[in-house]
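I opened a new notebook page today and wanted to look up a few things in one protein.

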Amino acid sequence: MSEGNLLSEEITQRLLHEIREGCYANCRKLPPELTLAKEMGVSRTLIRDCLSALEREGFISRKHGVGTIVNPHILNATTRMDLEKEFLEMVSDAGYVSDMKIERIDKIPAEKEVAARLHIEEGDLVLISERLVTADGRPAIYCMDYIAEANAKEGYDIKLLKEPVFKFIEQCCEQEIYMDLTEIRAVAAGEDLAEILNVDKQAPLLYMDEIGYSFMGEPLLYSREYYVDGILSHKVLRKKI
């Protein structure tokens, strides 16, 4: 990530913090861009870019002649499916003590479905990371991540898959997930998932079948995610564009 993008991300997060619990926590409207720029010690152009990012995510609304309106109903949504967050952060934001256990890290031949998602040949090697996320000690999320080994640079360290998968992709593949496309559906827990997630067999689970793409539209990550019912409350922001 470039220095400019890092600064933009930093200021965007600072603004979001101030809106949520800082000096603008009780404000219905934000000050003008010039005022914000002076308070943050950055250019008006950068502030405009940061406000645009917050508007895309629904935290604020902007209209010429009206100003920048804060959307508290969006700020108060603890878990949103349309915003990418690490599992531990997602669980913590929902008010639980979060923890993660690495169940498996391996290099295996790609099965047909995994190969199709990653645009590789069946039998090509993929790196797999399986992890269990808990909320107050209770199993909450089980995730299986797949990365085509061909995308990893020579000499990569597979042990880095113990870290967040996005960090592995940035460090060992020298790429970045630009967007995700996720299919969401309800599934029944089979015998294996029932044991892992400590639920009854055939218990309902929320399943997310997710592909992470690079800026150029290349699939970098395929994830299978299973969420136990009744722990996280998922919301999706839908608005006119």
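Predicted model: local features only at pLDDT ≥ 70, side-chain atom pairs only at ≥ 80, totals over all residues.

**Entry 1: the whole chain**

I began with contacts (heavy atoms within 4.5 Å). In the protein chain, 55% of the contacts with a separation of 6 or more are between residues 24 or more positions apart. Residues are numbered from 1 along each chain as its sequence is written, and side-chain values use heavy atoms, with hydrogens and water left out.

Next I looked up helices and strands, which are DSSP runs numbered from the N terminus (helices: H or I, at least four residues; strands: E, at least two). The protein chain has 8 helices and 9 strands. Its C-alpha atoms fill a box of roughly 55 × 45 × 30 Å along the principal axes.

How much of the chain is buried? I found that 39% of the 241 residues are, where buried means under 20% relative accessible area, exposed over 50%, and partly exposed in between (1.4 Å probe, protein chains only).

Then I looked up charges, with Lys and Arg taken as positive, Asp and Glu as negative, and His and the chain ends not counted. The protein chain has 30 positive and 44 negative side chains. The centres of the two sets lie 8 Å apart, with each charge placed at NZ of Lys, CZ of Arg, CG of Asp or CD of Glu.

**Entry 2: salt bridges**

A salt bridge here is a side-chain nitrogen of Lys or Arg within 4 Å of a carboxyl oxygen of Asp or Glu. My search of the whole structure gave 14 salt bridges.

One of them joins Glu149 and Lys107, with the closest N and O atoms 3.3 Å apart. Glu149 is in the loop between strand 6 (138-148) and helix 7 (165-172) and Lys107 is in strand 4 (residues 98-109), so this pair ties together parts 42 residues apart in sequence. Lys107 is partly exposed, at 39% relative accessible area.

I also looked up Glu111 and Arg224, whose side chains meet in a salt bridge of 3.1 Å, N to O. Glu111 sits in the loop between strand 4 and helix 6 (112-118) and Arg224 in strand 9 (residues 219-228), so the pair ties together parts 113 residues apart in sequence. Are the two partners buried or exposed? Glu111 is partly exposed at 41%, whereas Arg224 is buried at 9% relative accessibility.

Glu163 and Lys167 form another salt bridge, with 3.9 Å between the closest N and O atoms. I also wrote down one network, in which salt bridges that share partners join Glu33, Arg44, Arg48, Glu55 and Arg62.

**Entry 3: two residues I followed up**

Where is Glu210? I found Glu210 in strand 8 (residues 204-213). Glu210 is buried yet has no salt bridge, and the nearest side chain of opposite charge, Arg117, is 11 Å away. The side chain of Glu210 does make a polar contact of 2.9 Å with the side chain of Thr182. (A polar contact is a pair of N or O atoms within 3.5 Å; within protein, one must be able to donate a hydrogen and the other to accept it, and residues adjacent in sequence count only if both atoms are side-chain atoms.)

My last stop was Lys29, in strand 1 (residues 29-30). Lys29 is partly exposed, with a relative accessible area of 44%. Not counting residues up to four places away in sequence, Lys29 touches Val66, Gly67, Thr68 and Ile69. A polar atom of the Lys29 side chain lies 2.7 Å from the backbone oxygen of Val66.
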